[in-house]
Structures are given as structure tokens and as C-alpha cells.
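Try each task before reading its solution.

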Amino acid sequence: MKPAPFVHHAPRSVEEAVDVLAQVGHDGKVLAGGQSLIPILNMRLASPGHLVDINRVAGLDRVEVRDGDVRVGALVRHAELEHHEGAYAALPLLRQALVNVAHPAIRNRGTTVGSIAHADAAGEMPAILALTEGVVEAAGPRGTREISPADFFLGALETCLAEDELAVAVRFPRFSPGTATAFAESARRHGDYAMAGVAAAVTVVDGVITDARTSFVSVTDVPSVLDLTEVLGGSEPADADWAAAAEVVRGHVEPEADIHATADYRRMLAGELARRVLAQAAQNAATTKGSSH
Amino acid sequence: MTDMTTEQLLDVTVNVNGVPRTASVPARRLLSDFLRHDLQLTGTHVGCEHGVCGACTVLVDGKPMRSCLMFAVTAQDHRVTTVEGLCDAPDARPCATGERMNPVQQAFAECHGLQCGFCTPGFLTTVTAYLEENPAPTQDEAREAISGNLCRCTGYQNIVKSVLRAAEIRTERLGEDGGEAGYAAAPAARHTSSSANGGERA
């Protein structure tokens with residue numbers, strides 16, 4: 001249970017980090033919080049020859065709450081974003097999801113951007129990036145590029161980042177006025193990997209649902225957004241057909257079985273969690289009219 | 001794989017319990033092993049070594065983190081408090097044996113919050129930091145606060161009681177101190193002369 005030997009690099013700038021990544025190529029891995037990477041190294045599921053430790057890179061530790069979005073740097077720890085009042089006011093979904101990310105001690109160290117770059121199907125924050133239609137900012141030797149969730153996530157634990165690219169920030173766009181959100185997941189112990197999780201964003205205008213969408217944790221390979229506006233649009237939150245929405249969710253998700261739950265159980269769970277978070281988000285949207293959450 | 005005999009060694013300095021400590025270690029040295037093997041601070045226990053059990057939890061710049069999920073080199077120049085450092089807190093008091101205990105240690109002793117004691121260092125550090133954040137938790141909050149730490153002996157009931165009792169003791173001692181808060185607000189008296197930056201709060 002000890003990592004294999006590696007060469008430690010401690011760049012001080014993004015340019016330096018990208019240079020090192022380009023030099024070491026496929027044998028390199030970026031270390032930020034390390035809360036997913038270090039268990040993998042300890043168990044020797046991976047043994048990269050070079051770790052590019054970005055913890056001393058200047059300028060990556062900021063949360064910026066802007067007019068259109070919340071921008072989160074690559075060294076912002078989950079706990080910092082969770083407790084950031086400005087980010088909560090702009091996008092309550094961030095805190096709603098972050099309190100479900102592992103345990104406080106893990107959130108004190110792990111980073112939100114790292115969790116997204118890790119692209120675990122059981123990760124909460126990739127699902128949030130998808131639901132907000134966010135952007136990953138990647139720096140590489142050819143400059144920076146902005147990547148949508150649909151392009152970023154290629155498969156479980158697989159992204160489109162090149163070997164010499166570093167995810168320097170993500171942006172979570174704010175929702176339109178009249179939108180509220182909710183998040184729920186079910187795990188065997190709070191903080192463990194969820195058997196299923198659902199994030200919902202529902203927009204209510206003049207008492208009527210105009211938009212409803214969900215994204216998922218642990219029941220899809222890559223974070224996907226399911227648009228339920230066709231099922232729920234035009235209804236009032238009090239008498240929307242949540243059961244019909246849950247049925248569509250059960251048809252959408254593709255859970256796998258493991259020792260903790262069968263695929264059928266997870267499918268049922270995803271439907272039930274979706275029913276709850278959709279109703280909760282719709283109710284919040286109806287009662288906080290005009291606000292952005 | 002890199003040849004073991006030529007493995008790169010790095011001089012790592014970490015402020016541990018108010019004292020700057022340096023050792024020459026390979027880059028892959030986990031903070032938990034740095035504390036136990038290189039500094040002989042064996043109070044920090046290593047259970048699962050992949051972040052699940054919480055036994056190795058230490059405070060890094062006052063915040064609980066898993067020492068098995070950090071490399072010593074990444075802790076360079078940071079402030080680490082282990083279970084050995086908890087008795088240095090301003091609100092620690094001498095107990096019957098003459099040793100000092102902070103309110104959480106005192107409460108675990110009073111409430112039988114441990115049996116074999118293997119998981120205890122992780123609980124003590126976790127709860128000490130938690131009470132700074134929430135000085136008067138409810139029973140449900142206390143249970144949630146320890147959800148990231150596993151104990152195979154107690155069944156948790158007495159640990160929850162210990163958290164609530166620790167909050168009481170802490171509040172009592174705060175009154176005695178004239179309001180000075182924080183286990184890490186000042187370095188221990190016996191470390192003061194050698195402490196470079198032990199009093200800093202991150």
C-alpha cells in the first residue's frame with residue numbers, strides 16, 4: 001500500500017507545469033488534491049513515473065463570482081467552494097452537491113477541478129458541470145482552450161485533455177431567473193460513493209414550469225443531461241406528473257451492478273431521487289420567484 | 001519502474017506541533033509515514049491507507065486531512081498538528097496522570113469513547129477541528145461530524161456522547177481562559193523557543 005517511486009515536479013506557474021507535462025508525456029500525471037489519485041497510487045492501480053504537483057502554482061486558488069458564472073481555479077478545495085457565500089448565492093447547486101462529496105477531511109484537500117478532470121462516473125461535480133452547461137479551461141503548449149462537458153467527458157475516467165494539457169479552471173454558468181435546483185444521492189454511508197445521485201434544475205415562470213432538466217451520478221458512464229421539459233413543461237409545480245418524469249429517467253440511465261446494488265435497484269433509485277429533486281426544485285422555483293435560484 | 005537505489009531524495013521541512021522538522025525522504029513518502037517513520041511520531045495511526053477509515057487524520061493548517069492521502073513533500077512549509085500536539089492547546093489541562101489533555105481527549109476518557117484506541121487519534125483530531133467550526137453541535141450534527149471516521153469497537157454511541165461532552169468542556173474552559181479560542185491559537189510553551197511559525201493560523 002505504498003506508491004511506486006516517481007519523480008516529483010513542483011512547477012510555480014501554469015507555463016512551467018505545461019512544459020513539464022509536455023516533457024514527460026504519457027508517463028506524467030497532475031497532482032492537485034490527490035484524494036482520488038493517491039489511493040490509486042497507494043494501491044498501485046497506476047504508477048506514473050512523474051507527478052506534476054501543481055500545489056505551488058500561483059493564481060489557481062481563486063473562486064470568482066461573476067455576472068454570468070462562478071469560475072473556480074484548479075487549486076480551490078471542495079470545502080472552500082462549499083463554504084463560499086458568494087458562490088452559494090449565485091449558484092446554490094454547488095453547495096447542494098458539494099456537501100455530498102466524500103467526507104469533510106477529503107473536501108478540505110480535494111479540488112473541484114481535479115474531481116472533474118478525474119471524470120469518475122460516481123463523482124458529483126462532473127454531473128454539476130454538465131447540468132450547468134459549464135466550461136473547462138485547459139492550458140497547453142498551444143495556448144488555452146475552452147471545452148464543453150459534452151466534448152470533455154469521453155468515458156469513465158477518460159477526458160479529452162491531452163497529455164500536455166492542464167485544466168486550470170472550470171466555469172459554472174448561473175441559471176436563468178426563475179430557476180431553482182436540488183441535489184440528492186443515496187449511499188450506503190453518507191460520504192461514500194453514491195449508488196445513485198440526481199441533480200435537477202427547474203425553471204418556473206408565472207407559476208408554470210418552462211424548463212426542467214436533470215443530470216446523474218453513478219448511473220451513467222459520462223455525465224449526461226436529460227431534458228424533461230417535454231414531460232413537465234406547462235404544468236404547475238403542484239400538479240406536475242413527477243411519476244412520468246421518473247419513468248423517463250429510468251429509461252435514460254444505464255446503471256451497472258456491483259456488490260452493493262443491482263442495476264435494477266439503481267435504476268429504481270435514480271427514478272425516485274429524480275422525482276424528489278424535481279419536485280423540490282420546482283417548489284423552490286415557484287416560491288422564490290424572480291431570483292436566480 | 002525507477003531503480004530503488006537511485007530514488008530521488010528531497011529535504012522536506014514541515015512544522016509539526018509547533019516545531020519545524022526536516023527529513024530527507026523520497027517523493028513518494030506519504031505524510032503519515034513521514035510522521036511515523038521519519039519523525040517517530042507514532043500517535044498518528046494508519047488504517048486503510050486509501051482515505052476510507054480516517055485513523056490517520058491530522059490537522060494541516062488547522063483543517064483535518066488524511067495524512068495517508070498527502071505526500072510529505074506537498075506538506076512542505078505547512079503546519080501539521082498530530083494527536084501528540086493536541087495536549088499543547090491553550091484549553092488543555094493536566095489530568096489525573098499529570099499529562100495534559102485537550103477537551104476532546106478529556107471527553108473521550110470520561111465517556112469511554114474508545115476501546116482498542118486504534119481509530120482514536122483520527123477521531124480526536126477530527127472532533128477538535130470540528131468544535132472550532134461548531135462549538136455546540138446537536139447529537140445529529142455530532143454523528144455527521146464523525147461520519148468520515150470508522151471505529152470497529154465502540155458502536156459509535158459513546159463517541160457521539162464524547163463529542164457532545166467535549167463541546168461542554170471546551171465551553172467551560174473557554175470561560176476560564178477569558179475567551180481565548182483555539183487549540184492551535186498559540187504554540188505550546190515547551191515548544192515556543194524552537195517554534196519558527198507555530199503561532200500562525202492559515
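**Exercise 1.** Into which domains is chain A divided?

*Solution.* Keep in mind that this is a predicted model. Chain A is split into domain 1 (7–51), domain 2 (63–173) and domain 3 (179–287).

**Exercise 2.** Describe how domain 1 of chain A meets domain 2 of chain A.

*Solution.* Start with the C-alpha centres of the two domains, which lie 19 Å apart. Next, list the contributions: domain 1 of chain A gives 13 residues to the contact, and domain 2 of chain A gives 19 residues. On the domain 1 side, the elements giving two or more residues are α1 (14–24) and β2 (28–31) of chain A. The largest share of that side, 5 residues, comes from α1(A).

**Exercise 3.** Work out how α11(A) and α12(A) are oriented.

*Solution.* Two packed helices are described by the angle between their axes and the distance between the axes. Helix α11 (residues 242–252) of chain A packs against helix α12 (residues 263–287) of chain A at an angle of about 140°, and their axes are 8 Å apart. That angle makes α11(A) oblique to α12(A). Their crossing is right-handed. Among the contact residues are A:W242 and A:V249 of α11(A), and A:R267 and A:L278 of α12(A). The residues of this contact comprise 9 nonpolar, 1 polar and 5 charged.

**Exercise 4.** How many residues does each chain give to the contact between chain A and chain B?

*Solution.* Chain A supplies 27 residues and chain B supplies 25 residues. On the chain A side, the elements giving two or more residues are β1 (7–9), α2 (37–42) and α6 (104–107) of chain A.

Terms used:
Residues numbered from 1 in each chain as written. Chains lettered and ligands numbered in written order. Predicted model: local features only at pLDDT ≥ 70, side-chain atom pairs only at ≥ 80, totals over all residues. Axes fitted to C-alpha atoms, helices over the stretch in contact; angles between N-to-C directions. Helix = DSSP H or I, 4+ residues; strand = E, 2+ residues; numbered from the N terminus. Parallel < 35°, antiparallel > 145°, perpendicular 65-115°, else oblique. Left-handed = near helix turned anticlockwise from the far one by under 90°. Contact = placed C-beta atoms within 7 Å. Nonpolar A, V, L, I, M, F, W, Y, C, P; charged D, E, K, R; others polar. Domains from an automatic or database assignment.
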